[in-house]
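Subject: Structure handover

Hello,

Please find the structure below. My notes on what was found follow it.

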Amino acid sequence: ACLFFFQHAIEIYSLHVDCKVTSRFAHTVVTSKIVNRANESREATFEVELPKTAFITNFSMSIDGKVYPGIIKEKASAQKEYDTAVLRGQSAGLVKITGRKLEQFHMSVSIAAASKVTFELTYEELLKRQLGKFELLIKVRPRQLVKHFQIDVHIFEPQGIRFLETDSTFMTNELTEALTKVQNETKAHILFKPTVDQQKINPELDETLLNGDFVVRYDVKRGATAGDIQIVNGYFVHYFAPHEMPVFPKNVIFLIDRSGSMAGRKIEQTKAALLKILQDLRPEDHFSFITFNSRVAEWRSSLLQATAENMANAAGFVQTLSASGGTDINRALLTAVSVLDKAKRLPKSSVSMIILLTDGQPTSGESNVEVIQENIQKAVNGKYALFCLGFGFDVSYKFLEKMALSNGGIARRIYENADAALQLQGFYQEVATPILRKIEMQYPENAIEGLTKNNFKLFFEGSEIIVAKLKDKKGILSGTVLLMVSFLPLQHASDLTLKEEANVKEKEQVFQNQSYIFGNFIERLWAYLTIQQLLEKSISAQAEDQKTLEAQALELSLRYSFVTPLTSMVVTKPADQQQTELANKPTEAGKWVLLLCLSKGHRLDFFFLHANCSSGFSANEYPQLLLQLPKQNEIICLNTDGKAQPSVHLLSDPEQGLTVTGKLGDRINHFVQFEVIYVNPPVRIHVSTDEIVLSHDTERMSAHPFPNLKIGCLCSASPPGVKIKLMG
């Protein structure tokens with residue numbers, strides 16, 4: 001997904017998005033050529049929004065014929081190089097999360113009058129099948145008319161293309177004329193090439209219509225076999241997605257957080273989603289609700305069948321939900337496991353799962369997240385699947401993710417937008433139709449080396465299993481490869497096995513003479529999938545195993561030039577500018593921002609924002625100070641009893657030794673002073689309506705004083721009457 005933006009007086013004369021999708025693996029190159037028409041140097045800003053699941057593989061800029069490439073290195077090494085080159089502070093990074101699906105690559109460079117610059121960014125991703133379709137999203141926002149604007153999407157699917165559609169949020173009748181689609185059995189080419197006149201909102205105005213999403217959706221043809229195998233140069237990839245299989249009945253407990261932080265829109269959106277989800281339950285399903293704050297409350301002592309009467313009663317119960325109190329996640333989860341353990345008269349062939357929705361940290365009962373994770377894993381013991389939904393950004397997503405992955409499920413963040421109820425409902429639809437259990441992909445012994453994950457606990461209708469294999473050390477595969485998939489379907493007491501033979505020579509011929517297929521795509525697909533799975537596995541691994549898994553993922557990231565959470569891209573600019581920038585892969589857990597605002601009434605207010613999200617405030621409204629915290633943090637206490645206190649412990653990050661306290665004035669939530677203490681490096685920040693004082697122990701400071709601390713003023717001048725001091 002791509003977004004482009006350049007400051008005024010900089011003309012984009014060519015913008016090309018070239019996307020090649022071969023067997024679900026997408027390789028996208030964004031090339032933008034711009035010129036400075038002004039008679040003085042100007043700054044050009046290049047922004048591309050790409051999917052969170054994508055890895056950047058290359059970036060370069062060419063200024064007046066000289067190329068400045070990006071070089072991918074191990075993250076610590078890249079940071080050291082950056083710190084050496086730029087002594088004034090740590091980079092905010094070239095990549096940040098901008099929404100639920102996207103993250104943004106950002107680069108600014110100054111170009112001389114009448115000079116040209118070409119930016120080129122390459123990224124790769126494996127398209128994931130959800131609810132029966134693959135989706136390729138391209139974000140388009142040039143913010144000016146572009147003489148040569150073009151999007152090319154080439155798709156090659158040897159299995160055959162079952163359906164193909166395009167969609168856009170900005171398409172008009174005039175722009176539709178610029179869209180062409182050519183398709184045959186296995187190939188498709190989508191071309192979007194609007195003229196300058198077609199891009200205009202109004203013939204009289206030089207404003208562009210191109211502002212929004214350009215989406216390609218498709219699916220492939222499938223037979224009732226063991227799946228499809230594709231082979232290139234000894235690497236193979238196996239796709240498996242059976243269709244027209246009966247759906248397992250499910251036994252699901254909805255575990256709903258109703259603590260005080262859920263009050264207002266969150267609890268209302270949760271109720272709306274649950275009412276919709278109740279309508280999607282099948283008659284053979286069984287369900288129940290457990291709600292929790294400081295106390296845990298069971299709606300019923302056992303699971304009920306999804307009859308019309310029971311669902312009507314459940315809908316009435318959902319309508320009564322309200323929010324108050326603390327958050328006892330540990331006891332709530334243990335109660336849910338106990339209810340499933342004691343359940344009787346459930347369908348013999350059924351799947352049991354727990355869906356946890358919470359927006360906060362464990363503050364009641366057991367609050368140690370490691371103890372909670374251990375307790376739940378021991379109680380679940382592989383019997384049930386746990387899905388964790390984190391509502392908003394106050395929640396510790398890393399905690400939920402580890403707990404879900406350790407118990408056969410997945411975690412998902414629910415964004416606090418107007419469509420949060422639809423997000424909840426959409427997630428439920430993804431896991432609502434389990435059709436296979438205990439799936440194992442089997443291959444001949446000589447085809448085992450370098451295999452990605454080949455055992456799966458559950459398979460949901462509309463998804464797809466992909467297994468890739470590294471080339472055998474002995475050389476390229478030859479002859480035939482026997483594929484076997486064993487699984488437990490509905491109404492079978494023992495496993496079934498599907499078999500399929502693939503002729504290596506015939507399979508390799510499929511990819512010959514396809515001019516738009518990029519390189520050895522199956523090898524890169526294997527590396528991409530292996531890195532993703534190693535990083536996922538490391539989340540729930542013990543410390544020693546975690547280091548080993550991360551080392552393996554790092555080695556592959558460097559070998560195949562992927563910007564992953566373990567690597568960074570070092571981008572060097574011309575010598576007369578800030579010479580070095582870093583492109584890091586942001587994680588879902590991300591960082592927090594404490595926003596301190598000095599209002600016109602000469603009082604301090606504060607907000608907690610997630611650094612991966614757009615803050616949505618205007619820097620011109622009032623002076624602001626940003627303090628970026630280094631890791632996921634925990635809000636310990638925030639005026640919980642509703643009474644003004646002399647001093648409130650606002651926020652803590654025990655791992656980093658950071659604490660934030662606030663001094664209240666004569667009104668609730670009216671803060672007149674903040675104290676921030678940061679142990680490593682030893683820093684104390686005092687913020688009041690009179691002054692901002694930054695002090696540290698010089699004897700304990702390293703050469704680079706603030707490696708994890710970033711403070712910036714978003715206004716052009718300091719707040720009137722506020723003194724800023726640097727001590728020590």
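Ser-108 is buried, as its relative accessible area is 12% (buried means under 20% relative accessible area, exposed over 50%, partly exposed in between, with a 1.4 Å probe and protein chains only). This is a predicted model, in which local features need pLDDT of at least 70 and side-chain atom pairs count only at pLDDT 80 or more, while totals for chains, interfaces and linings use all residues. Residues are numbered from 1 along each chain as its sequence is written, and side-chain values use heavy atoms, with hydrogens and water left out.

Ser-108 belongs to strand 7 (residues 102-111). Helices (H or I, at least four residues) and strands (E, at least two) are DSSP runs, numbered from the N terminus. Leaving aside residues up to four places away in sequence, Ser-108 touches Glu-43, Ala-44, Thr-45 and Lys-573, where contact means heavy atoms within 4.5 Å. Its side chain also makes a polar contact with the side chain of His-106, at 3.4 Å. A polar contact is a pair of N or O atoms within 3.5 Å; within protein, one must be able to donate a hydrogen and the other to accept it, and residues adjacent in sequence count only if both atoms are side-chain atoms. From Ser-108 to Leu-94 there are 14 residues in sequence and 9.4 Å in space, C-alpha to C-alpha.

Thr-208 sits in the loop between helix 3 (196-199) and strand 14 (212-220). Thr-208 counts as buried because its relative accessibility is 14%. The side chain of Thr-208 reaches the backbone nitrogen of Leu-210 at 3.0 Å. With residues up to four places away in sequence not counted, Thr-208 touches Pro-142, Arg-143, Gln-144, Leu-145, Gln-199 and Ile-201.

Two further loop residues have a positive phi without being glycine. For Arg-24 the value is near 75 degrees, and for Glu-244 it is near 60 degrees. Arg-24 is in the loop between strand 1 (10-22) and strand 2 (25-36), and Glu-244 is in the loop between strand 16 (235-240) and strand 17. Are these residues buried or exposed? Arg-24 is buried, at 0% relative accessibility, whereas Glu-244 is exposed, at 72%.

Now the chain as a whole. It has 12 helices and 40 strands. Of its 728 residues, 54% count as buried. Among contacts between residues at least 6 apart in sequence, 70% join residues at least 24 apart.

Helix 4 (residues 265-280) packs with helix 5 (residues 308-319) at an angle of about 175 degrees, and their axes are 10 Å apart. Axes are lines fitted to C-alpha atoms, for helices over the stretch in contact, and angles run from 0 to 180 degrees between N-to-C directions. Helix 4 is therefore roughly antiparallel to helix 5 (angles under 35 degrees count as roughly parallel, over 145 as roughly antiparallel, 65 to 115 as roughly perpendicular and the rest as oblique). Helix 4 contributes Lys-271, Leu-274, Leu-275 and Leu-278 to the contact, and helix 5 contributes Met-311, Ala-314, Ala-315, Val-318 and Gln-319. By class these are seven nonpolar, one polar and one charged. Ala, Val, Leu, Ile, Met, Phe, Trp, Tyr, Cys and Pro count as nonpolar, Asp, Glu, Lys and Arg as charged, and the others, Gly among them, as polar.

The buried residues of helix 4 include Lys-266, Ile-267, Leu-274 and Leu-278. Among the elements that cover the buried residues of helix 4 are strand 17 (250-257), strand 18 (286-292), helix 5 and helix 9 (420-431).

Nine of the 12 residues of helix 9 are buried, so helix 9 is largely enclosed by the rest of the structure. Among the nine are Ala-420, Phe-427, Tyr-428 and Val-431. Helix 11 (residues 521-539) is likewise largely enclosed, because 14 of its 19 residues are buried.

Helix 6 (residues 329-342) and helix 7 (residues 369-380) pack at about 0 degrees, with axes 10 Å apart. They are therefore roughly parallel to each other. The contact is formed by Asn-330, Leu-333, Leu-334 and Val-337 of helix 6 with Ile-372, Asn-375, Ile-376, Ala-379 and Val-380 of helix 7. Seven of these residues are nonpolar, two are polar and none is charged.

Regards

Notes. The expected span of a helix is 1.5 Å times one less than its number of residues.
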